[in-house]
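Please read these comments with the sequence and the model side by side.

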Amino acid sequence: MPVVPAVATDRYYVNHEIGDYLRIAEEAAPHLLRLYTIGTSYEGRPLFMAEITNRASGESHEKPALWIDGGWRGGQLLGSSACLELVRQLLAQYGRDPVISDLLDNVTFYVCPRLAADAGDLSLHTGEWCWSSTRPGMGLAPGLRPGDANGDGRSLQMRLVDPLGAWKVSRRDARLMVPRGPEDRQGTFYRLMPEGLCDGSSRSTQGALRSSLDLDRNFPGGGEWNPEVCGPYPLSEPETRVVADFFRNHSNLGAVVTFGNLAGGISVSEAVPADAPLVRRLAQKLQDWTGLTVSHSSAPGYMQWAYQNQGLLVLRAEPWSLPRAAGLDRAAVERPLDEPELSGILRWLDQSCQGAFHPWTAFDHPQLGMVELGGWEWLYSWLNPPPGGLLQSELERFCKLVLGTAQALPRLHVTEFSEEMVGWSEAADSGGEDFVPLRKLHMAAENRGYLPSWVCHGVQRENPPCLEMQLLMEAGTRLVMGKERLYGGQLSGVGLAEAENIVPYTSGSEVSSRFEMDWLVEGSGRVQLEVRHPRAGTRQVNLSSERAQQHVEVAVSAPPAYSAPLPPPPPPPRPPAPRPAPTPLAAPPAQQPAAPAARPPIPQQPTRPNPISRPPVPTPAPGLAAAPPPPRPLVPPAAARSGALAAPPQPPQPPPQAPPPVAPAAASPTPPPALPTRPAAPMPPAGGRVLGSPPPKAGSPVSAFAAQVRESLQASQQRPEAPARLAAQEFEPFSPGLPIKAAYPTAGGQPIESPASVDFDDMQLPPDPMDSRILPPLLLRKREKGK
């Protein structure tokens, strides 16, 4: 774990000490912190900036970023120590605290501890109160310059006895000076002024700061422009120019946390109606985390410029307030404190931190004569907490605010990047002999942060940054459908989905927090996808088609059927279909395989099944000698006989010879006897009845008639000369394959009349479609229509 020194709480840092602390922190954690100097101040002091993130998970510009600075006031020293404490916690707690570890893996922190470097050092060295910059003001009138008059390093107060003075000694505490009332006409009265020296030979006690220039007001924006306060023109000061350039060059910035004093709360920029609900909800959550009251500010300056021009979420942390720390129920000095309140604050300082109020002592002033020095030490009471335990507690409060704001930043995540094999395509340089896979790529990205990807609309932002996607493919992989670089829309965060009213419902949002895109690529090479949003981060994912590579490595003669938009390659040559030629053909060569059934089937285009179809019975081609196939039943299965689902046509196979007899029977051509008393042994069932009549009982005339039919069929199969059969392509639907007159028994040359309820299932034969005596009229009508 990195070892960084603790932040001193018994004093405040000057500018060069801030740089020394950051250098030590960089040496302790070089993989997390980088130290930069973004510019110099008016007097040439460096402005240090620490970039903190885990570079192993991505560079700093590829992550959403948060800017933290110590404020623009020279006497507000608490912000610099708070920034250093934030640096210490981020480095020391990485790998220990899951929240900080997650933030450094996904967020970048830009920490600038002190922007008003000249005014800060002047306040610490001499005790002189300087507003923001040491640049001399224009038309500065002579008078009293606040500072250290007696050389003790403090800038306190001076009081001078004057009958026309506006101050008097408090009756509650002799150290306290309170305003004079209208009833106070007798007594000792004083003029109260800051400690300092008069300019030149002037004896005026009217205090005048060295410079009234406020760097916070040196930014473009609305409001009246006062050159004495705002500067000669916008961004005229070197400190404000470097900050504006940094914001414009770092598009990953999403939020700004600056520092202030005296308010005792959190100040948020006054948002436009489009941003107001989300900013209000986030401010309420920050108030719950830190315990600081949230207020909205519309004052022109740094905050309004960053919000309106840059579209950033801007928060001003003002954690220190002496009245609030003393227990008074007020967050800011909105009115002058009365005597009981001032007396209560003084008693609290005596108990909590001695040294913030000094007793009055006589001093011979070089211009004003005998005066008294003492009173409040403004730098360590009203402007900043006194060093010690109060300073440590305020540092913790500031870090909570920064970490809570960082967790609300948008976060881009690629939740899915997958492929799907959709077919094969002919390779460009193979001449139609090689095929490459076609892959459908699917991407899904979403924003898992609280804020939307645009963070804030602002006022002057016309085209906010949007989602950008880019595909990078290896050689041999080509994009068929889609674009290599394309732009998406915006992604809303989870904060926009919260309920606006007391009733728990949402009205929905026009912008979704999820974005999906598809591409079609050709080839099996590796594909890299980069999804980027300037304020939500950058994600890179790789996809390597292992399945496609396996298909390419295996020797495949042709891709699977129906899997590519291009026509499949021609199938291998097949044996010609047998033609009914009278002359027998010559025998094939000996290299012909003896077992044609072992060859893999060739995929065929499915055909539309006929309403009533039956697989044809192949006939042996003359002159071809092939191994006899296994015996097959004379009657087809019930599914093929009924016509419910026709089997697809099979490729032509060598026709088998005449099937052997099913059972041994006598070869006598004489007709069987008329009606035997007992039926013969039944044959295996044929798969269902055609006409659906119930099975006949044993010994009935129907059963005897069926026995005669079976014996006649067995006798006809033993005849030496089989009747000529049609070719495979000339078979009619439902053809029994036997002559009509040979299928039924005869007596004296006349067919035997069958009973009315003949069960053809028991006969083991399908009905002959050409026999009008037993064919139903409906089948006859379908036959005439060509069905």
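This is a predicted model: local features need pLDDT of at least 70, side-chain atom pairs count only at pLDDT 80 or more; totals for chains, interfaces and linings use all residues.

1. Residues are numbered from 1 along each chain as its sequence is written, and side-chain values use heavy atoms, leaving out hydrogens and water.

2. Eight strands form an open sheet of mixed pairing, in the order E1-E2-E4-E3-E11-E14-E12-E13, where strands (E, at least two residues) and helices (H or I, at least four) are DSSP runs numbered from the N terminus, and two strands pair if DSSP finds at least two bridges between them. Strand E1 (33–40) and strand E13 (293–297) are the edge strands, each pairing on one side only.

3. Within this sheet, strand E11 (residues 253–259) pairs with strand E14 (residues 313–318) in the parallel sense over five bridges, and Val-256 stands opposite Val-314 in E14.

4. Leu-235, in the loop between helix H5 (227–230) and helix H6 (238–249), has a positive phi near 60° although it is not a glycine. Leu-235 is buried, with a relative accessible area of 13%, where buried means under 20%, exposed over 50% and partly exposed in between (1.4 Å probe, protein chains only).

5. Val-455, in the loop between strand E18 (435–447) and strand E19 (468–473), also has a positive phi, of about 65°, without being a glycine, and Val-455 is buried at 2% relative accessible area.

6. The count of disulfides, meaning pairs of cysteine sulfur atoms within 2.5 Å, comes to zero. Cys-353 is buried at 10% relative accessible area, and Cys-456 is buried at 2%.
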